[in-house]
Amino acid sequence: MEGLPTPLILGSGSFTRKLILGEMNIPFHVVKRPIDEDSIGNRETDAPHDLVLSLALAKARHLVSELEKGNIRDDELPTQSPKNGWIVLTGDQVVTHDGVILEKPVDIREAKLFVSRYATSPPSTVGSVVLTHVPSGIQVSGVDSATIVFKPSVARHVSVEGKDLVDLLLEDNAPITRCAGGLMVEHPLVKQHIERIDGTEDSVMGLSKDLVWKLLDEMRVKLSQANVLLV
């Protein structure tokens, strides 16, 4: 974050996004302002790339508007505001399988259905990141994708009690119904069924480190060109 306002404002409560930013040693502060995601885009006709970017941009517009209108309480913001404004990060992710967008499973039955399909053909994740500078409005964005190739064992009963992978994840209190496509590649129970990932694990988890670094560099250049950055 050298040469940029810190801490980053993360417009997401996602555990994995917070974890990944922590691994990147990027200071951040969470400020959540949810939007009605179902009202944006068309899951049946939109290209995944376009859908996740539209959602991340909508999240950015809403959160930035709340910041500019003063609708975010002081105790929700970092104790010390940077003199050069804020960098707001928003994002979105979907899982695709055989050309169909899979969102969070509505129940355990659907989670099991998703996983059974992964044994025959690999799912992919498509994730977006949008960085917005407040108050200048300068914005950069990008999309990253990864494909997870599972072993056939992912769909079989994997315990002597006849429990499948989803059953075991639930016993371990894994929040599979809160993950797009029911995917939790970072979980040890899932990792043993992965043959390979074409892309990066952090991208699958919801936030591509490479994409974040690339966009931070782009933001730094744009702010400097606009004479906004005075660090």
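Which residue in S6 stands opposite Ser 128? In this predicted model, for which local features need pLDDT of at least 70, side-chain atom pairs count only at pLDDT 80 or more, and totals for chains, interfaces and linings use all residues, the residue opposite Ser 128 in S6 is Val 143. Residues are numbered from 1 along each chain as its sequence is written, and side-chain values use heavy atoms, with hydrogens and water left out.

Figure 1. Helices (H or I, at least four residues) and strands (E, at least two) are DSSP runs numbered from the N terminus, and two strands pair if DSSP finds at least two bridges between them. Strands S5 (residues 124-134) and S6 (residues 139-150) run antiparallel and are joined by nine bridges. Four residues lie between the strands in the hairpin of S5 and S6, where Gly 137 has a positive phi near 85°. S6 also pairs with strand S7 (residues 194-198) in the antiparallel sense, over four bridges. In S7, Arg 196 is the bridge partner of Val 149.

Figure 2. Buried denotes under 20% relative accessible area, exposed over 50%, and partly exposed the range in between (1.4 Å probe, protein chains only). Twelve of the twelve residues of S3 are buried. In a regular strand the side chains alternate between the two faces of the sheet. Trp 86, Val 88, Thr 90, Asp 92, Val 94 and Thr 96 point one way from S3, whereas Ile 87, Leu 89, Gly 91, Gln 93, Val 95 and His 97 point the other way. S3 and S5 run antiparallel and are joined by eleven bridges; Val 88 stands opposite Thr 132 in S5. Two bridges join S3 to S1, and these strands run parallel, with Ile 9 opposite Val 88. S3 pairs with S4 in the antiparallel sense over three bridges. The hairpin of S3 and S4 has two residues between the strands, and Asp 98 in this hairpin takes a positive phi near 50°.

**Figure 3. Surroundings of His 97.** His 97 belongs to strand S3 (residues 86-97), and its bridge partner in S4 is Val 100. Because its relative accessibility is 5%, His 97 counts as buried. Its side chain makes a polar contact (a pair of N or O atoms within 3.5 Å; within protein, one must be able to donate a hydrogen and the other to accept it, and residues adjacent in sequence count only if both atoms are side-chain atoms) with the side chain of Ser 121, at 2.8 Å. A polar atom of the His 97 side chain also lies 3.3 Å from the backbone oxygen of Arg 117. Contact means heavy atoms within 4.5 Å; leaving aside neighbours within four places in sequence, the residues in contact with His 97 include Leu 102, Tyr 118 and Pro 122.

**Figure 4. The aromatic pair of Tyr 118 and Phe 150.** Rings of Phe, Tyr and Trp (its six-membered ring) pair if their centres lie within 6.5 Å; planes under 30 degrees apart count as stacked, over 60 as edge-to-face and the rest as tilted. A search of the whole structure finds one aromatic pair. The ring centres of Tyr 118 and Phe 150 are 5.7 Å apart and the planes lie at 10°, so the pair is stacked. The pair links distant parts of the chain, with Tyr 118 in helix H3 (residues 108-118) and Phe 150 in strand S6, 32 residues apart. Tyr 118 is buried at 2% relative accessibility, and Phe 150 is buried at 6%.

Figure 5. A nonpolar core is a set of buried Ala, Val, Leu, Ile, Met, Phe, Trp, Tyr and Cys residues joined through side-chain atoms within 4.5 Å. The largest nonpolar core has 45 residues, and those with the most contacts inside it include Ile 26, Leu 89, Val 129, Leu 131 and Phe 150. Helix H7 (residues 209-225) provides the largest share of this core, six residues. A second, separate core of ten residues includes Ile 9, Leu 63, Trp 86 and Val 134. Leu 215 is located in helix H7 and counts as buried, at 0% relative accessibility. The C-alpha atoms of Leu 215 and Val 129 are separated by 8.3 Å, although the two residues are 86 residues apart along the chain.
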